[in-house]
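Good morning, and thank you for coming.

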Amino acid sequence: MGDRQIPGRLLESLKSWAVALLAVLPLLVVYLWSAGQVQEQEFRTTAQLNAFECVGSSEPCVPVWVLRPEPYMEGSLVRFRVIGTRPSGKVSREKDAKLPRWAHDLAVEAWQSRKGAVRWVSKPGHSAIRTAVFMDDTVHVGQAPVRGQYPDVPWEHLLVLFVFSLFMLLLPPRPVPVIMSFVAFFYLANGMFGYRADAEPDWIYSFSHIYEGTDTALVVVWFLTAAISLFISISYALNRFKGWCRTLKEHRIAYTYVLPAILGMGILVLVPFAFGVTLGFFNHCKGDYTFVGLRNFWEILSGGGASITNPLNFWFTLGVTLMWTFLNVLLHVSIGLGLALLLKNPLLKMRSVYRVLLILPWAMPNYITALMWKGMFQQQYGAVNILLDKLGLGGVSWFSSFWTAFTANVVTNTWLGFPFMMVVSLGALQSIPTSLYEAADVDGASSWQKFWNITLPLLRPALFPAIVMGSIWTFNMFNVIYLVSGGEPGGSTDILITEAYQWAFKRGERYGLAAAYAVLIFIILLLYSWFAQKLTEQKLD
Amino acid sequence: MASVEFRNVVKRYSDHTVISKLNLFIPDGKFVVLVGPSGCGKSTTLRMIAGLEDITEGDLFIGERRVNDVLPRDRDIAMVFQNYALYPHMTVRDNLSFGLRLRRIPPSEIEKRVADAAEMLGLQEYLDRRPSQLSGGQRQRVAMGRALVRRPQVFLFDEPLSNLDAKLRGEMRREIARLHHRLQTTMVYVTHDQVEAMTLADIMVVMEKGRIRQVGNPMDVYSQPADAFTAAFIGSPTINLLPVEVRTGEVERITTIEGQGFSLQVTARFMHYQGDGLMGIRPGDVRLSSDTGNLQGRIDVMEPLGHRVLYTVDTPAGSVLCELDASEARWKPGDAVHVVFPMELVHLFEADGDQKSLLLEGGTI
Amino acid sequence: MSRWKTILIHGFLIFFTAMTLYPVLLVVRKSVTPGDNFERSLSPIPSRVTLDHYSEVIGSRDFNGRPLFWRIVLNSVVLSLATTLVGMFLASTSAYAFSRLRFPGRRMGLMMFLVVQMFPATLIMIPLYVILDKLGLLDSLVGLVLVYSTTAIPFCVWTLKGYFDTIPREIEEAAWIDGATRFQMFWRIVIPLSRPALAVTALFSFMTAWNEYILAETFLSRETSYTLPVMLQHYVGTHSTQWGKFAAGAVLVSIPVMALFYILQKHLVSGLTAGGVKG
């Protein structure tokens, strides 16, 4: 009844939300990006300070040329000559040390500024800061290593995002208040927390010093924009909040019943989910998390530098996953439906015996099934190879090439999954009234025509959701892949979900990347089920 | 025991109105039947008394108390549902006593009441069975027993007999009539079956599209329908309604009813109406004749019903149903006949709007 | 039906049944034949019978010499029962509200329970790992109970809601008029009437916890806090291939859950078609 329309109406509301979010998204990205820029800036500043310290100290950490400007220079150009190098302590007399062009240029720059100069060098596998320091009429030049950590994301940024998203919940899903509230938060946050690299980020400091040196007109514009937007969005929110209180009171019984589950889900699924999505924007290294914006997603979607035939490439894995899902669901449905058709006849002898035995794989814990089949495919003692031997075909090393390993996975999962489809089809077949077949018999239909014109159309309402469900399960079927082939050879049989797991727990704890993978999986499945929903609605019409 | 009163009650679901401005007084101790086609709002009316539906506007009184905001359990009413709504997981005894146990009535009292109800309804042997082990009629009795033990001020019945076969229905109908006679408690009964309505009601309320069409003693409603809808809804076979033109002479006080192929002249008491109308006449009141009559026609279908015979006659004015005693039925399909409309048994209605009766107090012409 | 057709149908069915049973029989065979590896033989009948693997699995001990197997069984049983209880409580109350009451946010909530099923476990797992790590709950069963019951809830809510929807409203209305409160309607009418569906969802929650492997493997590192799946996997993990012990363990672990499954399978079918799959 009413429930049937859930997807349709929900889509409506999702759509209006999507419009609002789309309007805000560019601003959000800009905000995140600017936050990232601040990080970057701070990181660079500390690294440069480190480099200055290194090159300029009495015990430099790298070889340093000591240069002195030529006294007999004409015009504005300066020339330097090497008066020595300094690996340790004192200046040695290696005048012949050849001075590279960049060192000279940097020295000129440092001498002119009377302080120092840096140039960042970045090559694959090597990055350094070429540094020149001006000291006592000499210039010290060296290639300092990049020291200093990417700074932690200031928690204030996260707090702002959190408060903002809470506030968004209070707003009606209409673009105006949503955008207004965003503008307000954006400007306030920028004002409060847009701290400078050399400043300690703290609340009081921010309030008192943040507008130092900023154009007064700009500050006024900021404040005005923020105030107006805040006023509009808060008035919307208050209205909405009042409405909420009213409905809460009106339906308090319903909410009491729903509360425990929602609370449980909220704390244990939605919070980790939000956390997981957030993690997708961070990089993890030995317990430190660094905000990297969309870089994880970019790394995944661009293939991470691996070619499309490389198993580490996202698109390769996606292809394998889609093939895996499609093949499995196809086999599940055809075997399950076939067996159901055979078992349908109530006069068939031993019908219930077959049925009970055939659903055995469903009852078995699926990790046992997976390990059991792993044993079956073992090269030396596995039953499959022994059988092939007996047939004179010779054994196969199942997990050393892609196709054989993939086949082993598919066989295992087919064994595991067909009973579900069989049971669903059997239930649906039994609900088709026999009078339809009798009518068709009277009309002189062949059994093929009966299958095609009666059975299949009437099975569809039951089978279609089962297929959608089954493909989601298969898409995320971790156990079989992980336990049977384990991704062998070389991670090529990994599907997206095991790939994400590998990144998180087997390849250097790249939690951020794994989280980004998981977000992509979620998006794919969401799109898929949305599409499936659309398809069912069309069919029903 | 208590009366029930609706004052300007309106029931609206988000966009459409189910009940509009209902005013009805159900006197204490009467058996009131709400009757009407499906979707007329009779069930909603009943459920509003029960408290299962909110009242959008207006007031509802049970006795002296306004009960709009009183929970069902505090209204002191009991209800029998169409599908019985027995608790499948409880025995008959538990079904009967559930409401009493919830109300913390002493066990000895519960036992007594259950025994009384079981005796009254002949359920003694079945007290330890589950509803699934009972026949339709027995389930119906349990449902009634569940209402009985509560000894409420008002009994509500929501089409309680519609799931039974014809024979059992008659039996249960008499049982309910007996029950009311014995208890003399206010009962409100909803049905779409006019036989139930006619036989059970002290007061019959005919409803259509969320409005009351007529309230009255069943026989009065039958013989003096207030409008064409009521006339057509009550009575079986259905009344003949023929489009006519009505003209009343100023001087002679004589009304001419002119239809397709016939014309009647009646002396109407104080009727001043000119224009289109509907002439109604019940099939049992129509006579047939071989030689003279108001309207010529031809027998189309003949349906013998035992001691009665139902003819469908093709006439220029349309099909006319005619119910005759088997002894008078000497025509065969295809025979030419004359249809006779006895003047004093004719009803007249306006052709438009609510199709109100044109006959004033007293009814007949 | 012609004779040949019947024979053909039986032939097909016997073939598929054999395919289904064969791997299981091989595991059973392995569990009673000596040696760590499979025999090079296709016959499901063991050549020599021994119960050594079973006694080894059951008699295994931890570092301190305490019985390990029973400890792990206890872990799994406690984990599964707790998951079932928590899951059932949360799912039945909210399914009741979703089925019977109309309130703002109802559709959103139902949709949420549907969408949550699409969350990849890894997405939850990493944050949970981080959170549990910070809370120092990494090696405990408490964390797992919470995670498992929330994984089971969406399915249970939809299944139960589907079943509650089939209970006629009039029964509750009758109870309401009889004087029941909302809670009494739920507890004394709807819950007893939904026993089959409750059994199915309980089975599902139990199986989720009893069979779950990857979260347990990731979160548990102490031997004494292992669950049965983790124990089994370690027999045939990267560093060891004790197929005999694995087989014996697999038989021991599967028997209770399969027995439960077969007792309740009739309901499982109706439960699935009533609510779960309709989605």
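Let me begin where two chains meet: the contact takes 25 residues from chain B and 17 residues from chain C. Please bear in mind throughout that this is a predicted model. The area buried between chain B and chain C is about 1800 Å², and carbon and sulfur atoms give 64% of that area. On the side of chain B, three residues lead: Arg73(B), His89(B) and Leu102(B) supply 30% of the area that this chain buries against chain C, more than any other three residues.

Charged contacts are present as well. The rule finds 2 salt bridges across the interface of chain B and chain C. Arg150(B) and Asp178(C) form a salt bridge through their side chains, with an N to O distance of 3.4 Å.

I turn now to chain C itself. Of its 279 residues, 58% count as buried. Considering contacts in chain C between residues at least 6 apart in sequence, 67% join residues at least 24 apart.

Chain B, by contrast, brings us to sheets. One is an open sheet of 6 strands with mixed pairing, in the order S6-S7-S8-S3-S9-S10. Which strands stand at its edges? They are S6 (77–80) and S10 (211–216) of chain B; each has a single partner strand, so one side of each is left without a neighbour in the sheet. Neighbouring strands of this sheet are turned by 20° against each other on average, direction ignored. Within the sheet, S7(B), residues 154–158, pairs with S8(B), residues 186–191, in the parallel sense over 5 bridges. Val154(B) stands opposite Thr186(B) in S8(B). Helix H4 of chain B, residues 136–148, packs on the sheet and touches S6 and S7 of chain B. The direction of H4(B) makes about 175° with that of S6(B).

Another open sheet in chain B has 5 strands in the order S15-S19-S16-S17-S18, with antiparallel pairing. Here S15 (287–289) and S18 (318–325) of chain B stand at the edges, and each has a single partner strand, so one side of each lacks a neighbour in the sheet. The twist averages 45° from one strand to the next. S15(B) pairs with S19(B), residues 336–340, in the antiparallel sense over 3 bridges. One position in that pairing is Arg287(B), whose bridge partner in S19(B) is Val340(B).

Finally, the packing inside. In soluble globular proteins, nonpolar side chains tend to be buried together. The largest nonpolar core of this model has 224 residues, and those with the most contacts inside it are Phe6(B), Leu156(B), Phe113(C), Phe219(C), Leu232(C) and Phe246(C). Helix H14 of chain A, residues 402–430, gives the largest share of this core, 15 residues. What does Phe246(C) touch, leaving aside residues up to four places away in sequence? Its contacts are Ile368(A), Leu371(A) and Met372(A) from chain A, together with Leu232(C), Tyr235(C) and Val236(C) from chain C. A second, separate core has 44 residues, including Leu123(B), Leu148(B), Met172(B) and Phe233(B).

Thank you for your attention.

Note on methods:
Residues numbered from 1 in each chain as written. Chains lettered and ligands numbered in written order. Predicted model: local features only at pLDDT ≥ 70, side-chain atom pairs only at ≥ 80, totals over all residues. Heavy atoms only, no water. Core = buried A, V, L, I, M, F, W, Y, C linked by side-chain atoms within 4.5 Å. Buried < 20%, exposed > 50% of the residue type's maximum accessible area, 1.4 Å probe, protein only. Helix = DSSP H or I, 4+ residues; strand = E, 2+ residues; numbered from the N terminus. Contact = heavy atoms within 4.5 Å. Pairing = 2+ DSSP bridges. Axes fitted to C-alpha atoms, helices over the stretch in contact; angles between N-to-C directions. Buried area = accessible area lost by both parts, 1.4 Å probe. Salt bridge = Lys/Arg side-chain N within 4 Å of Asp/Glu carboxyl O.
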